[in-house]
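This report is meant for a reader meeting the structure for the first time. Please look over the sequence and the model before reading on.

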Amino acid sequence: MNISFLQELFSSITRRDSLLRHRRKGRHHFVHTDLLKACRALLNSDGEASSIALASRALDIYAGLDPAEKQRFFECLTAEFSADPAAVDEAYAAYRESRDNRDLQVLFDTCEPSRQELLRRLNLTSDGTHELVHMREDLLGLLRETPELRALDADFAHLFGSWFNRGFLVLKRMDWNTPAAILEKLIRYEAVHEIHDWNDLRRRLDDRDRRCFAFFHPAIGDEPLIFVEVALHKGLPDQIQAILDPETYDIEDPEAADTAAFFGISNCQTGLRGISFGNFLIKQVVQELKQELPDLKHFVTLSPVPGFRAWLEATYLTADDDKAGALDAESRALLESLDDPEWPQDKARSEQLRDLIRPLAARYLLEEKNAKGLPLNPVARFHLGNGAELHRLNWLGDVSQKGMQQSAGLMVNYLYVLDDIERNHEQYTTSGTIAHSSAVRDLNRRARKLLKGEPAR
């Protein structure tokens with residue numbers, strides 16, 4: 001059986017159905033009660049053909065809702081399509097009495113909110129999966145102001161976790177022969193280092209020293225889920241501008257490259273936030289590169305540190321300078337000089353800031369945790385959770401305006417050592433242990449000497 005042909009056929013059908021639905025969008029204005037009525041009809045339907053038609057009708061109505069009506073729909077879905085408390089109590093009482101697996105299954109089924117079954121039925125249409133991803137994108141925008149909708153979001157996340165299981169994902173290499181419609185989406189979705197134009201994109205897809213891989217899902221056609229950009233390099237890279245600038249980045253002999261540097265990983269679908277693809281992507285790309293280029297020895301990222309400068313200033317410039325763990329006045333004044341855009345050109349001041357900020361960055365990445373006890377930095381959580389090692393902190397690794405604002409120019413190498421990935425991942429997930437190099441450990445020790453009253457370790 002030609003699997004590739006079937007995937008292309010399925011994709012074309014999906015795109016055609018999507019175009020038909022989008023043509024219908026905007027013709028009518030609906031209210032949330034119209035959609036609730038359609039959803040109840042869909043749940044009561046017991047025929048496959050009629051269910052598909054009802055699901056398509058419900059998604060068309062949703063597309064005709066304005067933002068306020070969408071919020072009312074989500075609120076009703078959360079409140080009215082939940083599990084029945086009385087039925088749950090009855091099912092639990094039966095299982096508690098019998099301890100029978102049949103009663104346990106009844107309890108499971110009773111505890112499931114009816115909105116989960118509704119979402120499954122909405123997914124019956126050929127473009128239903130993609131429509132539901134967009135629906136969750138709308139929902140995510142409301143969670144901060146309407147936290148009671150988090151139960152509904154948990155239902156989406158639960159179902160998406162199954163629907164976007166690794167077994168359904170298709171890895172494809174992107175190159176200049178990839179259809180233009182997909183390449184255009186890479187430009188639009190690039191979230192780490194902006195792709196300025198088609199020439200910039202072509203450089204990033206250059207067969208000589210670049211690779212780009214993306215995950216796709218058959219149910220949403222030519223929409224990438226996540227993609228990673230790779231630069232072949234001699235040694236571990238420490239500065240992103242050299243990679244992004246075609247005038248300065250030139251490997252004379254790409255065959256001599258010993259390092260694959262992952263310098264950009266972009267999630268493309270906001271509605272799939274929290275659904276993990278990146279760990280599968282990195283590991284599979286490492287295997288693909290190792291097969292294609294067996295002489296590669298190092299697999300490493302050149303990663304940003306979003307939020308680091310904000311944490312640095314909030315922790316050491318607004319806090320009481322007399323408390324334990326504070327910086328002395330001279331160091332505080334030095335940090336304040338980050339507001340001067342000319343400081344990178346002042347060699348003496350740059351070296352002073354380097355000797356202050358790199359140790360504090362090591363402390364931030366190794367010791368600062370969120371409410372769940374995980375590293376505060378989201379990029380660190382991603383790579384450490386994948387089994388990487390926090391390997392090196394690169395001073396002035398990103399001197400762009402964005403890099404200066406988010407991390408005082410700092411960038412990080414996370415190193416993927418094939419033989420250590422599983423052990424690092426296991427230690428991180430079970431005990432929170434962060435694999436890191438001796439150089440990073442030494443920087444963290446230096447941070448304790450910089451801070452007042454910090455205990456030695």
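The sections below go from the whole chain to helix packing, single residues and cysteines.

## Basis of the report

This is a predicted model, in which local features need pLDDT of at least 70 and side-chain atom pairs count only at pLDDT 80 or more, while totals for chains, interfaces and linings use all residues. Residues are numbered from 1 along each chain as its sequence is written, and side-chain values use heavy atoms, with hydrogens and water left out.

## The chain as a whole

The chain has 20 helices and seven strands. Helices (H or I, at least four residues) and strands (E, at least two) are DSSP runs, numbered from the N terminus. The C-alpha trace spans about 75 × 55 × 45 Å along its principal axes.

Of the 457 residues in the chain, 47% are buried. Buried means under 20% relative accessible area, exposed means over 50%, and partly exposed is in between, with a 1.4 Å probe and protein chains only. A contact means heavy atoms within 4.5 Å. Among contacts in the chain with a separation of 6 or more, 73% are between residues 24 or more positions apart.

## Helices α8 and α9

Two packed helices are described by the angle between their axes and the distance between the axes. For α8 and α9 the angle is about 145° and the axes are 11 Å apart. Axes here are lines fitted to C-alpha atoms, for helices over the stretch in contact, and angles run from 0 to 180 degrees between N-to-C directions. The crossing of α8 and α9 is left-handed, a term used if the near helix is turned anticlockwise from the far one by less than a right angle; clockwise would be right-handed. On the α8 side, the residues that meet α9 are Leu132, Val133, Met135, Arg136, Leu139 and Leu140. Their partners in α9 are Leu152, Asp153, Phe156, Ala157, Phe160 and Trp163.

Leu143 lies in the loop that runs between α8 (128-140) and α9 (150-163). With 6% relative accessibility, Leu143 is buried. Apart from neighbours within four places in sequence, Leu143 contacts Leu149, Arg150 and Asp153. Leu143 and Asp153 are 10 residues apart along the chain, and their C-alpha atoms are separated by 8.5 Å.

## The buried side of α14

Which residues of helix α14 (residues 308-316) are buried? They are Phe308, Arg309, Trp311, Leu312 and Tyr316. These residues are on the same side of α14, because they cover an arc of only 160° around the axis. The arc is that of the directions from the helix axis to the C-beta atoms. Among the elements that cover the buried residues of α14 are α15 (329-336), α16 (347-367) and α18 (401-407).

Thr259 belongs to strand β4 (residues 259-267) and is buried, at 0% relative accessible area. A polar contact of 2.9 Å links its side chain to that of Asp258. A polar contact is a pair of N or O atoms within 3.5 Å; within protein, one must be able to donate a hydrogen and the other to accept it, and residues adjacent in sequence count only if both atoms are side-chain atoms. Leaving out neighbours within four places in sequence, Thr259 touches Ala231, Leu232, His233, Gly235, Leu236, Pro237, Leu296, His298 and Val300.

Asn386 sits in the loop between α17 (378-385) and β6 (389-394). Its relative accessible area is 4%, so Asn386 is buried. Beyond residues up to four places away in sequence, Asn386 touches Gly278, Asn279, Ile282, Lys283, Tyr416, Ile421 and His425.

## Cysteines

How many disulfides does a search of the whole structure find? The search finds zero. A disulfide is a covalent bond between the sulfur atoms of two cysteines; here the cut-off is a pair of cysteine sulfur atoms within 2.5 Å. For Cys268, the closest cysteine sulfur is in Cys212, at 9.3 Å, which is too far for a bond. Cys268 is buried at 5% relative accessible area, whereas Cys111 is partly exposed at 38%.

Cys76 is in helix α4 (residues 67-80). This residue is buried, with 16% relative accessibility. Cys76 touches His32, Leu36 and Phe81, with residues up to four places away in sequence not counted.
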